[in-house]
Structures are given as C-alpha cells and as structure tokens.
Amino acid sequence: MVIEHVDVGYRSANGSKILVADICASLMPASLVALVGRNGTGKSTLLRTLAGFLPPLAGTISMGQGIVFTTSKKVQPHTLAKLVSVVLTNRPALSNLRVEEVVALGRSPYTNFWGTLTSADQNIVSEAMRLVGICNLKDRQMQALSDGEQQKVFLAKALAQQTPVILLDEPTAFLDYQSKKEVMHLLSQLAHNEGKSILLSTHDIPQAIAVADNIWYIEEGRLFTNAIEKVKSLI
C-alpha cells in the first residue's frame with residue numbers, strides 16, 4: 001500500500017476538517033507497523049481512510065493490483081474486501097455463533113450469494129484457525145470466550161479473508177497484560193511468516209517498540225514515519 005500526499009479528515013456542510021495532512025508513506029509486505037499518537041489526533045480516521053470507509057480529502061492511496069482510490073474515485077467494496085481486512089475495537093454482536101462460523105465469515109468476498117463454502121474455503125478457514133492457535137475453540141460459542149480469545153478469532157477471520165493488508169484499531173484494548181503480549185507477538189509472527197502488511201493503532205507504546213518493525217506517530221496534524229526513536233522519548 002502506497003500513500004501519496006493524502007489528507008485525512010471529515011467533510012461536512014461547513015467544509016472539510018483535516019486531521020492529518022500531506023501523508024506520504026508505504027506499508028511494506030511482511031512488516032508490522034504500529035500507529036501511535038494522543039487521543040483525537042486522527043489515528044482511527046487514518047485507518048478508516050486506508051480501509052476505504054472514508055474517502056481521502058486529498059492525494060492517492062494505491063492498493064496494489066492496479067487499484068487506486070482518491071478524493072473522487074472509490075473502489076467497489078467487493079474488490080476492496082479482497083485487498084484489505086479490518087479488525088475494529090468495537091466488535092460486532094456475534095452471540096450464539098460458533099468460532100468456526102465467525103472465522104468462515106472471512107470467506108464472504110469469495111463465496112456465492114448463499115455464502116456456501118467449498119472444500120477449499122473450509123481448508124482456508126481451518127488453516128487460519130491453526131495459524132492463530134484456536135483450533136481447540138472452533139466449536140465454542142463467541143459469548144463463552146475471553147476477550148483475548150475473541151480477539152484471536154477476529155484475527156483468524158481476517159486471515160481467512162486472505163488480504164495482503166490487515167488494519168487493526170486498538171487490537172489490545174480491554175485485554176490483560178499477558179493477552180496483550182500474546183496478541184502483539186502473534187501479529188508480528190503473522191506479518192513475517194505470512195508476508196502480510198499489518199498496521200495497528202495502539203496506546204501501548206512499550207509493546208509497540210518491543211514488537212513492531214516500524215512506528216508511525218501522529219502529532220499536530222502530521223504523520224511521522226520511522227518514528228521509533230522519536231516515540232521512545234515519550235516514555
């Protein structure tokens with residue numbers, strides 16, 4: 001993913017509000033990047049823009065495979081769903097669904113109207129659960145899982161979606177210390193072993209420094225890349 005001179009923010013009847021301006025950055029394959037900054041600086045807005053939920057206010061975002069979107073050009077959701085998967089802080093209500101059924105939702109961009117899984121789809125779902133280490137949970141219902149276990153289920157769902165880019169908004173929020181460590185190290189392994197470009201927002205700066213390959217830092221409307229040393233000074 002290549003981001004060129006992008007402004008992110010919101011449009012309203014009174015005009016546009018830019019939160020982060022003139023972003024130039026790249027998300028490389030097989031890398032884990034942590035996005036940090038104070039509350040309200042635009043971390044979630046940047047992620048939502050990169051995910052295609054919000055249009056950029058300026059500039060271009062190139063997704064690979066010739067897919068580019070700009071202020072006026074959108075990408076069809078079905079196409080975007082094969083390029084970017086998203087794990088949000090606010091989890092959808094999935095009570096009474098089994099873990100395997102939730103992970104299988106990641107195959108939605110590839111299945112027919114009825115969501116029928118082929119044997120190949122089922123193998124991909126099983127492999128996603130294996131990679132995340134939740135095969136033993138496949139028949140459990142979502143409401144019976146801990147927060148850490150649920151987060152791993154949504155990671156497996158993102159893997160089953162088979163996108164080159166995975167975006168996560170505060171994936172360790174509400175987790176205990178041990179679960180935070182497990183999720184961050186799991187993300188690092190998935191990035192390096194599966195060749196994924198993973199970008200996550202976080203307030204846990206020590207964990208980000210310990211695990212991430214790179215850190216992006218938002219301050220006063222600007223995005224600083226390669227900001228590990230800059231962020232260390234904030235601790």
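User: What is the relative accessible area of Gln162?
Analyst: This is a predicted model, in which local features need pLDDT of at least 70 and side-chain atom pairs count only at pLDDT 80 or more, while totals for chains, interfaces and linings use all residues. Residues are numbered from 1 along each chain as its sequence is written, and side-chain values use heavy atoms, with hydrogens and water left out. Buried means under 20% relative accessible area and exposed over 50%, with partly exposed in between (1.4 Å probe, protein chains only). Gln162 counts as partly exposed, its relative accessible area being 40%.

User: Which residues is Gln162 in contact with, leaving aside its neighbours within four places in sequence?
Analyst: Gln162 sits in the loop between helix 5 and strand 7 (165-169), where helices (H or I, at least four residues) and strands (E, at least two) are DSSP runs numbered from the N terminus. With contact taken as heavy atoms within 4.5 Å, and with those neighbours left aside, the partners of Gln162 are Lys82, Arg107, Tyr110, Ile124 and Lys196.

User: How far apart in space are Gln162 and Leu223, C-alpha to C-alpha?
Analyst: In sequence, Gln162 and Leu223 are separated by 61 residues. In space, the C-alpha to C-alpha distance between Gln162 and Leu223 is 28 Å.

User: Which side chain of opposite charge is nearest to Lys196?
Analyst: Lys196 lies in the loop between helix 6 (177-194) and strand 8 (197-201), and its contacts beyond four places in sequence include Met28, Pro29, Leu159, Gln162 and Leu190. Lys196 is buried yet has no salt bridge, a salt bridge being a side-chain nitrogen of Lys or Arg within 4 Å of a carboxyl oxygen of Asp or Glu. Lys and Arg count as positive and Asp and Glu as negative, while His and the chain ends are not counted. At a distance of 6.4 Å, the nearest side chain of opposite charge to Lys196 is that of Glu194.

User: How is helix 4 oriented relative to helix 5?
Analyst: Axes are lines fitted to C-alpha atoms, for helices over the stretch in contact, and angles run from 0 to 180 degrees between N-to-C directions. Angles under 35 degrees count as roughly parallel, over 145 as roughly antiparallel, 65 to 115 as roughly perpendicular and the rest as oblique. The axes of helix 4 (residues 119-132) and helix 5 (residues 147-160) come within 8 Å and cross at roughly 135°. Helix 4 is therefore, relative to helix 5, oblique.

User: How many residues apart in sequence are the parts tied together by Arg107 and Asp121?
Analyst: Arg107 forms a salt bridge with Asp121, with the closest N and O atoms 2.9 Å apart. Arg107 lies in the loop between helix 3 (99-104) and helix 4, and Asp121 in helix 4, so the pair ties together parts whose separation in sequence is 14 residues.

User: What is the N to O distance in the salt bridge of Glu127 and Arg130?
Analyst: Glu127 and Arg130 both belong to helix 4 and stand three residues apart, about one turn of the helix. Glu127 counts as partly exposed at 34% relative accessibility, and Arg130 is partly exposed at 48%. The side chains of Glu127 and Arg130 meet in a salt bridge with an N to O distance of 2.7 Å.

User: Which residues of helix 1 are buried?
Analyst: Helix 1 (residues 43-50) is mostly covered, with six of its eight residues buried. The buried residues of helix 1 are Lys43, Thr45, Leu46, Leu47, Thr49 and Leu50.

User: What value is the phi of Glu220 about?
Analyst: Glu220 is found in the loop between strand 9 (214-219) and strand 10 (222-224), and at 75% relative accessibility Glu220 counts as exposed. Although Glu220 is not a glycine, its phi is positive, at about 50°.
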